[in-house]
Amino acid sequence: MKKLILMRGLPGGGKSTYVRQRMLADISSGIRSIVVCSTDDQFLNDKGEYVFDPILLGVNHQANQLKASRMMAAGVQVVIIDNTNTTHKEMKPYKDLATTYGYEVEEVLVGRERLFPGMDGDQYSFADYIDLCAGRNTHKVPREAILKMARRFEQ
């Protein structure tokens with residue numbers, strides 16, 4: 001079965017760590033073709049350094065969707081979208097591609113119990129989680145930007 005995995009979570013929330021672990025597990029279980037599509041990759045310069053430019057965000061999301069489309073058209077077994085995907089609208093283009101190419105969709109929300117306090121009885125507070133994400137995200141996204149993302153997150 002072909003699968004599209006939509007990662008969801010804040011910057012620094014653990015999405016990429018989950019992706020690496022998932023890929024290792026999938027390879028161990030016999031999956032032969034896996035690709036990760038991340039809009040962040042579109043912001044890499046010629047030296048491989050991440051340079052965020054908000055003006056390019058829409059164009060870079062489209063480029064990532066095109067990459068995902070090409071991978072699905074080629075029949076890659078597992079396509080992973082490693083974006084924040086805070087809203088259902090952000091995931092819709094990928095879900096539409098999954099329908100077109102016959103992929104099963106799996107959403108993985110990293111940090112659910114911290115984004116939605118009380119849902120799972122987690123002992124961590126929302127503010128502590130925002131601070132944690134701000135401190136460990138690799139692209140130096142400011143705390144205030146992460147807080148805005150968290151507040152618009154849809155379950």
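Biologist: What is the relative accessibility of K95?

Modeller: This is a predicted model, with residues numbered from 1 along each chain as its sequence is written, in which local features need pLDDT of at least 70 and side-chain atom pairs count only at pLDDT 80 or more, while totals for chains, interfaces and linings use all residues. Side-chain values use heavy atoms, with hydrogens and water left out. Buried stands for under 20% relative accessible area and exposed for over 50%, with partly exposed in between (1.4 Å probe, protein chains only). K95 counts as partly exposed because its relative accessibility is 28%.

Biologist: Which residue meets the side chain of K95 in a salt bridge?

Modeller: A salt bridge here is a side-chain nitrogen of Lys or Arg within 4 Å of a carboxyl oxygen of Asp or Glu, and the N to O distance of the K95 pair is 2.7 Å. The pair links distant parts of the chain, 12 residues apart, with K95 in helix α3 and its partner in strand β4; helices (H or I, at least four residues) and strands (E, at least two) are DSSP runs, numbered from the N terminus. The partner is itself partly exposed, with a relative accessible area of 35%, and this residue is E107.

Biologist: How many salt bridges does a search of the whole structure find?

Modeller: One of them joins R143 and D131, whose N to O distance is 2.5 Å. R143 lies in helix α6 (residues 143-151) and D131 in helix α5 (residues 126-136), so this pair ties together parts that are 12 residues apart in sequence. K3, R22, D26, E104 and E106 are linked in a network of salt bridges. For the whole structure, the search finds a total of 9.

Biologist: What is the nearest side chain of opposite charge to the buried residue D82?

Modeller: D82 is found in strand β3 (residues 78-82), and it is buried yet has no salt bridge; for charge, Lys and Arg count as positive and Asp and Glu as negative, while His and the chain ends are not counted. Its side chain does make a polar contact with the side chain of S16, at 2.8 Å, a polar contact being a pair of N or O atoms within 3.5 Å, where within protein one must be able to donate a hydrogen and the other to accept it, and residues adjacent in sequence count only if both atoms are side-chain atoms. The nearest side chain of opposite charge is 5.0 Å away and belongs to K15.

Biologist: Which backbone oxygen does the side chain of K15 reach?

Modeller: K15 is placed in helix α1 (residues 15-28) and is likewise buried without a salt bridge. Not counting residues up to four places away in sequence, its contacts (heavy atoms within 4.5 Å) include M7, D82, N83 and V110. At 2.9 Å, the side chain reaches the backbone oxygen of L10.

Biologist: What angle does the direction of helix α2 make with that of β2?

Modeller: The open sheet of 4 strands runs in the order β2-β3-β1-β4 with parallel pairing, two strands being paired if DSSP finds at least two bridges between them. The edge strands are β2 (34-37) and β4 (104-109), each pairing on one side only, and neighbouring strands are turned by 20 degrees against each other on average, direction ignored. Helix α2 (residues 57-73) packs on this sheet, touching β1 (3-8), β2 and β3. With axes as lines fitted to C-alpha atoms, for helices over the stretch in contact, and angles running from 0 to 180 degrees between N-to-C directions, the angle is about 165 degrees.

Biologist: What is the phi of N85, which is not a glycine?

Modeller: Most residues other than glycine have a negative phi. N85 has its place in the loop between β3 and α3 and counts as buried because its relative accessibility is 3%. Its phi is positive, at about 45 degrees.
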